Amino acid sequence: MKILGMISGTSHDGIDVALVDFGLDGDVLTGRVLHTASTPYPDELRARLVAALPPAPVTLAEVCVLDTLIGQCFAEAAAAAAEQAGPADLIVSHGQTVFHWVEGAHARGTLQIGQPAWIAERTGAPVLSDVRIRDITAGGHGAPLVSVLDDLLLGGLLSDGRTGGRGGTGGAGGAAALNLGGISNMTVVRDGGLSAYDIGPANALVDAVVSGRGLNPRGYDEDGRIAASGQVDERLLDVLLDEPYYRLAAPKSTGKELFHLAYVEAAIARAGREPSGPDLVATLTELTVRTVAADVAAAGVDVLVVSGGGCRNPVIMDGLRAALPGVRVSLSDELGAPADDKEAIAFALIGWLTAHGLPGTVPGGTGAKAARVLGTLTPGAGPLVLPAPLPTPPRSLVLRR
């Protein structure tokens with residue numbers, strides 16, 4: 001079954017797609033990654049989206065317009081993928097998160113926009129969308145949903161002894177998957193089960209400062225060059241590390257509702273500092289390294305498999321390796337999931353699971369009381385026909401290019 005996964009993440013810079021051809025061999029799910037691509041948002045649309053994100057006030061009229069324009073962008077990205085790699089049997093659109101409602105330790109709601117009917121109309125394929133909310137209704141955080149992919153990939157890694165952990169222990173401490181998008185999230189897999197949660201900002205605050213101060217017209221710290229040219233302000237870093245979110249117990253989730261440019265400006269005021277642009281970026285990058293390294297060390301894992309845009313930042317990656325000398329740090333490419341495309345692959349997997357009547361969550365990954373089948377289906381050009389339901393989920397996943 002060929003499934004196209006699509007997502008625009010918390011960096012809100014464009015749409016990542018991955019077409020995966022899934023097949024079942026006994027209890028092992030195989031996936032051949034046929035095509036991946038990234039389509040930037042038009043500059044005007046991205047600026048309009050950024051202007052509407054929290055804490056900015058926004059009208060329902062603007063939400064309606066953005067829902068349509070983003071849906072049309074997703075539709076064009078899906079059509080381009082079909083033209084290059086062939087049609088999909090099912091398209092899964094995560095859409096664009098614009099608000100994730102969390103109060104204390106509980107997620108109350110979530111909103112992803114990008115009207116899926118535009119995708120169905122443009123491609124003729126059925127579309128699965130709105131994939132997070134069902135988990136929230138079951139008491140979960142609706143995040144990180146990539147944990148279902150991590151469970152299958154890392155479970156196989158542990159079972160076949162490929163972890164090569166500390167002192168040749170063969171991964172006795174387990175393995176963790178780290179995604180460094182706008183927000184950092186981690187999935188920890190051991191023989192005894194799985195846990196996952198959002199750690200904190202990965203690129204969100206750096207991107208906000210780079211854009212807000214005009215440090216790079218592309219809106220991010222390319223190759224970590226700005227951070228590498230600055231010095232960490234330890235006083236400001238201490239203020240940033242005093243964020244109560246870091247002390248919450250997992251499972252937990254967060255987003256740009258908390259971590260945004262005004263948040264940085266408030267921290268600067270509390271610290272009584274006026275750092276230069278490079279020093280501020282260096283400090284925020286070190287915040288990512290410190291918060292992630294602390295949680296990885298606390299988890300006691302042997303292997304850390306990294307994906308997301310932040311894994312292309314050598315300042316972050318070198319910082320993590322220095323802070324975690326007993327942990328083998330590698331990229332998810334080694335498991336067949338290209339580091340830049342892993343989330344799109346994860347949503348393609350969720351589509352396969354939903355199509356076969358299987359849950360797309362792991363309760364330990366989101367905090368839900370039980371696993372749930374995810375998403376809402378929009379029919380394509382023809383009748384909606386799904387495969388026969390499967391009685392049990394696959395044991396592991398093997399991805400190939």
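**View A. Pro251 and its cis peptide bond.** Pro251 sits in the loop between helix H8 (234–241) and H9; helices here are DSSP runs of H or I with at least four residues, strands are E runs of at least two, and both are numbered from the N terminus. The bond joining Ala250 to Pro251 is cis, with omega near 0°. Most peptide bonds are trans. This is a predicted model, where local features need pLDDT of at least 70, side-chain atom pairs count only at pLDDT 80 or more, and totals for chains, interfaces and linings use all residues. Residues are numbered from 1 along each chain as its sequence is written, and side-chain values use heavy atoms, with hydrogens and water left out.

**View B. Pro144, in another loop.** Look between helix H4 (133–137) and helix H5 (147–159) for Pro144. The peptide bond from Ala143 to Pro144 is cis, with omega near -10°.

**View C. Asp130 and its positive phi.** Asp130 is in the loop between strand E6 (127–129) and H4. Its phi is near 50°, positive even though Asp130 isn't a glycine. With a relative accessible area of 34%, Asp130 is partly exposed (buried is under 20%, exposed over 50%, partly exposed in between, using a 1.4 Å probe and protein chains only).

**View D. Asp223, between two helices.** The loop between H6 and helix H7 (225–228) holds Asp223. Here's a non-glycine with a positive phi of about 60°. Asp223 is partly exposed too, at 40% relative accessibility.
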